[in-house]
Amino acid sequence: MEKLINDFSFGLFFWQIIIFVLLLLLLRKFAWKPILNAVNDREEGIKNALDSAEKAKLEMQNLQADNEKLLQEARAEREMMMKEAREIKAKMISDAKEEAKTEGDKMVAHAQAAIESEKKSAIAELKQQVASLSLEIAEKVVKHELSDKDKQLKLVDEMLGDAKLN
Amino acid sequence: MYFCTDFKDTVICSKMQRKTLVRILSVLLFIVSFSGVAQDEHVEEAKEVLPGNKTKKEEIKEFINHHLMDSHDFNFFGSTDEETGETHHYGFPLPVIIWDGGLHTFMSSKFHHGEDVVESNGNYYKLYHSKIYKTNAEGTINYDEKHHPTNVRPLDLSITKSVVMMLVTGLLLIWLFSSLAKSYAKNGSIPRGIGRFFEPIVLYIRDDIAIANIGENKYKKYMPFLLTVFFFIWFLNMFGLTPLGVNVTGNIAVTTALAIIVFLITTFTGTKDYWKHIFDPLGDGMPWYGKILIYIILVPIEILGLFIKPFALLIRLYANMTAGHVVLMSLIGLIFIFKSWIGGPLSFGLSFAISLIELLVALLQAYIFTMLAALYFGFASETHAEHEAHGEGEIQHL
């Protein structure tokens, strides 16, 4: 201990304090502050860059999800449109069929009606002709018959004979 | 001997960097060992000049003691002229500044390594065992019964070898780190060159020493001190291992100055909770009459603790660095005592191994000093709310 105290040099102590404090102040101003600030800035920068990268990634994911959604929507819409089209097509076909059928039926009915009326008129005409013809014949016959009196009388007798009083 | 804590965290270099580092260190160590040999040649020659008076062991002991002390001139090595018996010193003198009822300044070369008496403004001074004593015109030094000089020692504010080394280290640090700061500005916050080696260390001190011990909110104002003290101690420790043969951090005055600065910062940044913890450690959990009995013992211990903490810092650094230098130089000295084919290489190998350990210790002691300073700052700046959160972490670090 005595040696320690004996070795203690006040001059060295004095200079050490002065040099160290000066060194501390100079280094603080010209070295440590700029260095620590630069390092801090860099770290902050890295952190920000990482954050924004993460954000961009998220955005990208969102975008992708959106795209996917849009695509799906489009697909669904297409599907729906196709389905609708198919339905319309089927409906149109069935409608056309129906229409054609009713039209056909109508035409057939019309034709049938026409045929019927034609037939009727033909029959009527035929009847008329037959009637007039038969009248003519009957007239001729009657004329011819009535010209022969004996025969008439004979006939009347025959008839009278047939028509015995029942 | 070494006050080690967990060191593995400080190994930051990648494999490649480690390889080159080892290569550089090996070369450095070779030079260190070589310089040791060179210095000891001087010891041997000195011994031949003074035969009979001292044994080789005493010679080496004296050399080591001399090496551990501060010096008034910057000596690289010395040699003795065999014909005239004169000793030549190769180096350069440093200015001597003495306050003794007035300012006395002259170059240390006037002392002629303790051989001459220097007259300055009517006062006479003589260098004896690296210290300046006031003497009479003949340079007589009086001794007490223990062979200690009784002459008056004037207030010596000389620029000694240690002061020069501190200035050199300071300038080196300023140049190194301000250029690093500038390179950040130039390269968009990306370090270049040597900055790639130092930046991880700076970040380590910020993240694992300052933030871990002081806390996210308050570490910023302590950062300049922690960084400065770490690199200052580390660089000076490393200079201590070079052939320059300086032992700045192994000087009690230097470590005392550092410890006092730590103490002042701790004291002046102490929060209310810190002082309350010292003068009222039990808090409101106990009635006053209960406290009195305990506080008679407890409060003095806490107050003593205030001073013991920085005192431990100064002794730890001083003892570790001095011990390292003594061991290293003693092992080198052994080479000249054995003087045999087995002993010489053995001592050389041992001193080489110890040099490697000393490199580690140089870093380790800087780390421990910074770490403990941060821990004390952490205690001082703590507020009650943070206390709960940080309590466990601090215990782990202790």
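Chain B of this predicted model contains ten helices and eight strands. Of the 398 residues in chain B, 32% are buried. Among the contacts in chain B with a separation of 6 or more, 62% are made by residues 24 or more positions apart. Chain A is built from three helices and has zero strands, and its elements follow one another from the N terminus as α-α-α. Buried residues account for 8% of the 166 residues of chain A.

Three strands of chain B form an open sheet in the order β4-β3-β8, and their pairing is antiparallel. Strands β4 and β8 (155-156) of chain B lie at the edges and have a single partner strand each, so one side of each lacks a neighbour in the sheet. Strands of a sheet are paired through backbone hydrogen bonds, in either a parallel or an antiparallel manner. In chain B, strand β3 (residues 95-99) and strand β4 (residues 103-107) are joined in the antiparallel sense by five bridges. Across this pair, B:I97 is placed opposite B:T105 of β4(B), and B:I98 is placed opposite B:H104 of β4(B). The two strands β3(B) and β4(B) make a hairpin with three residues between them, and in this hairpin B:G101 adopts a positive phi near 65°.

Just after α4(B) comes B:G215, which has a positive phi of about 105°.

The two chains touch each other, with 29 residues of chain A in contact with 36 residues of chain B. On the side of chain A that touches chain B, the elements that supply two or more residues are α1 (2-7) and α2 (10-146) of chain A. The most is given by α2(A), which provides 25 residues to this side. By class, the residues of chain A on the side that touches chain B comprise 22 nonpolar, three polar and four charged.

One part of the contact between the chains involves α2(A) and helix α6 (residues 252-268) of chain B, whose axes come within 8 Å and cross at roughly 45°. Because of this angle, α2(A) is oblique to α6(B). The crossing of these two helices, α2(A) and α6(B), is right-handed. From α2(A), the residues that meet α6(B) are A:L12, A:F13, A:Q16, A:I17 and A:F20. Their counterparts in α6(B) are B:A253, B:V254, B:T256, B:A257, B:L258 and B:I261. The contact of α2(A) with α6(B) comprises nine nonpolar and two polar residues, and no charged residues.

Note on methods. Residues numbered from 1 in each chain as written. Chains lettered and ligands numbered in written order. Predicted model: local features only at pLDDT ≥ 70, side-chain atom pairs only at ≥ 80, totals over all residues. Pairing = 2+ DSSP bridges. Helix = DSSP H or I, 4+ residues; strand = E, 2+ residues; numbered from the N terminus. Buried ≥ 20, exposed ≤ 12 C-beta atoms within 10 Å, placed from the backbone. Contact = placed C-beta atoms within 7 Å. Nonpolar A, V, L, I, M, F, W, Y, C, P; charged D, E, K, R; others polar. Axes fitted to C-alpha atoms, helices over the stretch in contact; angles between N-to-C directions. Parallel < 35°, antiparallel > 145°, perpendicular 65-115°, else oblique. Left-handed = near helix turned anticlockwise from the far one by under 90°.
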